[in-house]
Amino acid sequence: MSDLFQHESGIGTLPRLSSNWIQSVELPLRSIPKLPKVALILPALFSEFETPAMPRILGALQEADYIHKVILSLDRAEEHQFRHACQQLGTLPMKKEILWHDGPELSASRDYLRTEGVDLPGPGKGRGVWFSMGLALSDPEIDIIAVHDCDIRNYSREMLARLLMPLMSGGFGYHFSKGYYSRFDDRLFGRVTRLFFLPLVAALVEVLGPSDLLKFLGGFRYPLSGEFAATRDLALRLHVAPHWGLETSMLADLHKLVGSDQICQVE
């Protein structure tokens, strides 16, 4: 657990109060009478299948029976690597879909979009999430969309359950949740957030004066976290930047779309 501090921005901060997460989070989640259907997007490079991270993530998801569908957004993969990823994903018990960004179908889709004036950037997480969110929203059954980075070497299903609980329970009034973590052990992590993002926000306040947007951005413990979830209604209105700055632009868009009382950050 980090601490119980609640920022003046009004963004709800839900710290990790119990180490028995199965009893306190996952079992209550599974007991929800009408469980919302969740699509989990995993934006991944094939190289992440060659590290301990991706096998660990897929292993943890084996028992995530509250996930309706997993969408793998696969980038920088040759055909044999794509087939290997299909085999790995095939071990999961829930529905599965793969967007192969180097494959002929998506290449043709990008060519078509270009002729219509939508010139997408090159490979990257933003482009992958942009396509994947569209695919998830094309399924009318999906109620909630979640996104998890695929380079988390200490991944646990607890991260997913905690991220989803405020949205799936329906009683909290939240439409968007964002993950945050205690970014230290024997040394500090999260250097971009600590040394660049938050000091930049503070500098902008100093130079430009206070603003609701800067107060909002400064209210997140880990604004660059890649783990978030949104209800379908919000996801339909949310702008997903297909280029760099996905996390920051999404937070700025959230500030325009919903009040702080509909947003939470979850440890």
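I looked up phenylalanine 176 and phenylalanine 228 first, and both are buried (under 20% relative accessible area; exposed is over 50%, partly exposed in between, with a 1.4 Å probe and protein chains only). The model is predicted, so I note that local features need pLDDT of at least 70, side-chain atom pairs count only at pLDDT 80 or more, and totals for chains, interfaces and linings use all residues. Residues are numbered from 1 along each chain as its sequence is written, and side-chain values use heavy atoms, with hydrogens and water left out.

Next entry: aromatic pairs. I count six in the structure (Phe, Tyr and Trp rings, the six-membered one for Trp, with centres within 6.5 Å; stacked under 30 degrees between planes, edge-to-face over 60, tilted for the rest). Tryptophan 130 and phenylalanine 131 are edge-to-face, because their ring centres are 5.2 Å apart and their planes stand at 90°. Tryptophan 130 is partly exposed, at 29% relative accessibility. Phenylalanine 131 is buried, at 13%.

Back to phenylalanine 176 and phenylalanine 228. I find this pair stacked, at 5.7 Å centre to centre and 15° between the planes. Phenylalanine 176 is in strand S6 (residues 176–179) and phenylalanine 228 in strand S7 (residues 228–231), so the pair ties together parts 52 residues apart in sequence. Strands here are DSSP runs of E, at least two residues, numbered from the N terminus.

Last entry: cysteines. I find zero disulfides (pairs of cysteine sulfur atoms within 2.5 Å). For cysteine 150, the nearest cysteine sulfur belongs to cysteine 86, 15 Å away. Cysteine 150 is buried at 1% relative accessibility. Cysteine 264 is buried at 0%.

Technical notes:
Helix = DSSP H or I, 4+ residues; strand = E, 2+ residues; numbered from the N terminus.
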